[in-house]
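Please keep the sequence and the structure in view while reading.

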Amino acid sequence: MPLVPQPPSEIPTAIFNIFMLMLLWRFTVRLLRGPKRHRRHWMTQRVSHSPFLDSATRPQTPLEIAQDRYARGEIDDKEFEQIVEHLLKSRSSSQDW
């Protein structure tokens with residue numbers, strides 16, 4: 001008996017098409033709903049060590065805190081100078097203030 005070639009099965013193609021339609025539907029729905037709040041958080045989160053941040057959003061350095069306290073009159077000249085000397089002695093080379 002001669003071998004007759006059989007037509008390819010349609011089932012794997014149908015499964016692949018259904019999978020692709022589900023994937024396309026999922027991405028379409030996600031695009032229409034927009035990003036989730038927790039996924040958007042990393043884009044809006046500010047980095048404290050960025051040099052481009054203004055002084056209102058970045059944390060103050062110890063020297064700036066001492067200067068503010070001196071300007072408000074909370075500490076006197078002698079105490080301010082002691083704080084500055086102590087900060088300069090304990091400053092590491094990686095600190096930029």
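## A pair of salt bridges

Arg69 and Glu74 are joined through their side chains by a salt bridge with an N to O distance of 3.2 Å, where a salt bridge is a side-chain nitrogen of Lys or Arg within 4 Å of a carboxyl oxygen of Asp or Glu. Glu74 also meets the side chain of Arg72 in a salt bridge, at 3.0 Å from N to O, and in this way Arg69, Arg72 and Glu74 are linked in a network. The structure holds two salt bridges.

Arg69 is partly exposed at 30% and Glu74 is partly exposed at 47%, whereas Arg72 counts as exposed at 55%.

## How the model is read

This is a predicted model, in which local features need pLDDT of at least 70 and side-chain atom pairs count only at pLDDT 80 or more, while totals for chains, interfaces and linings use all residues. Residues are numbered from 1 along each chain as its sequence is written, and side-chain values use heavy atoms, with hydrogens and water left out.

## The nonpolar core

The largest nonpolar core is made up of six residues, namely Leu63, Ala66, Ile75, Phe80, Val84 and Leu87; such a core is a set of buried Ala, Val, Leu, Ile, Met, Phe, Trp, Tyr and Cys residues joined through side-chain atoms within 4.5 Å. Two or more residues of this core come from each of α3 (62–72) and α4, and α4 gives the most, with three residues. Helices here are DSSP runs (H or I, at least four residues), numbered from the N terminus.

Ile83 lies in helix α4, which covers residues 77–90, and is partly exposed with a relative accessible area of 24%. When residues up to four places away in sequence are not counted, Ile83 touches Ala66 and Ile75, contact meaning heavy atoms within 4.5 Å. Ala66, with its neighbours within four places left aside, is in contact with Ile75, Phe80 and Ile83.

## The helix α1

Helix α1 has 23 residues and reaches 33 Å from its first C-alpha to its last, close to the expected 33 Å, a span found as 1.5 Å times one less than the number of residues. Just after α1, Gly34 takes a positive phi of about 85°.

Phe19 is found in α1 (residues 11–33), and is partly exposed with a relative accessible area of 48%.

How values were computed: Buried means under 20% relative accessible area, exposed over 50%, partly exposed in between (1.4 Å probe, protein chains only).
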